[in-house]
Amino acid sequence: MSNAFKSKARGTMRRGRGKLSLDPEEMAAIWLQQEERGKGLIGGDPQRKPRWRHPHPAEPAPWYRHGLSSPEHQQRLAAFLTAAPLEVEIGAGDGRFITAWARQHPERHFFALETRWKYARRMFERAQKHGVENLWVSDNDARVVIPEVIPNASVEVFHILMPDPWWKPKHQAKRLIAPWFLAVLARKLKPGGVLRVETDVEGYPEFVQTLVAAESAFLPHNPALASHFADAPPTSRQIWCRERGIPIQQMFFQKQTGEEE
Ligand SMILES: C[S@@+](CC[C@H](N)C(=O)[O-])C[C@H]1O[C@@H](n2cnc3c(N)ncnc32)[C@H](O)[C@@H]1O
């Protein structure tokens with residue numbers, strides 16, 4: 001079967017194949033580049049996101065743009081993030097999953113980050129259409145926003161569904177699942193909170209599990225946690241995979257209950 005399929009919905013979705021480097025020195029160097037020079041930020045430096053090119057809904061609409069939202073709006077987001085049990089989706093695409101999940105759980109609050117403005121906007125419109133009031137959207141790189149706006153030990157679930165593996169060495173700086181970012185996610189999760197990762201990319205589960213195993217705050221993948229998400233709606237990519245019989249691997253990593261920070 002070909003490696004690339006034409007999606008019935010829109011565009012082309014691919015199933016990549018490649019080698020994911022696990023060299024800790026290389027990964028540490030990439031993180032430094034990102035910290036010091038913003039290299040590898042998807043969508044670019046949030047402070048420079050051009051309003052005129054990618055307009056976002058006027059405040060107080062629940063859309064956050066890092067460095068450009070007003071102080072009052074930042075306070076609104078901060079209050080929202082702590083007012084109810086919190087779940088965060090990273091790389092939410094068009095928001096098919098998170099808007100439906102938020103409707104299923106009106107007693108919870110949700111924050112979804114998607115760097116591609118077109119998809120973030122689609123997610124926002126979807127939420128508006130269905131009157132979803134417990135979801136905020138951001139079109140910034142989650143690796144910039146999460147460390148800065150989410151309080152430590154506050155998140156019940158991080159959803160990372162069908163992330164891009166970024167196989168090529170020159171794209172490594174874009175990878176979400178990296179040691180430094182796993183440490184951030186561990187810090188932001190409540191004790192007992194869950195990092196949920198799903199993928200259709202062969203070899204990626206081994207890569208993820210190896211990196212998570214190196215972060216002592218996390219317990220190993222626990223398949224029993226799948227029951228918490230048995231009625232979770234699929235993402236657009238997951239629908240695409242299901243239509244083609246492509247298997248999806250699920251991983252659930254719980255934060256140790258003894259770890260506060
Ligand atoms: C393969 S798509 C999957 C989208 C959606 N989860 C789905 O399953 O249909 C991965 C998405 O993650 C987004 N993404 C990648 N890195 C990101 C980051 N650092 N912060 C926010 N979004 C990111 C990409 O723009 C892309 O839309």
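**Stop 1: a pocket and its main helix**

Select α5 to begin: with four residues, α5 gives the most to the lining of the second largest pocket. Helices here are DSSP runs of H or I with at least four residues, strands are E runs with at least two, and both are numbered from the N terminus. Before you click on, note that this is a predicted model, where local features need pLDDT of at least 70, side-chain atom pairs count only at pLDDT 80 or more, and totals for chains, interfaces and linings use all residues. Residues are numbered from 1 along each chain as its sequence is written, and side-chain values use heavy atoms, with hydrogens and water left out.

The volume of the second largest pocket is about 270 Å³. Among its 14 lining residues, Q34, L41, R143, V144 and E148 are the closest to the centre.

**Stop 2: α5 against α6**

Now show α5 (residues 142-149) with α6 (residues 179-188): their axes come within 10 Å and cross at roughly 35°. Axes are lines fitted to C-alpha atoms, for helices over the stretch in contact, with angles running from 0 to 180 degrees between N-to-C directions. For the contact itself (heavy atoms within 4.5 Å), pick A142, R143, I146 and P147 in α5, then W180, F181, V184 and K188 in α6.

How values were computed
1 Å grid on protein atoms, 1.4 Å probe; cavity = no way out; pocket = protein on both sides within 12 Å on 5 of 7 lines; lining within 4 Å. Points joined across faces, edges and corners; volume = space filled by probe spheres on them.
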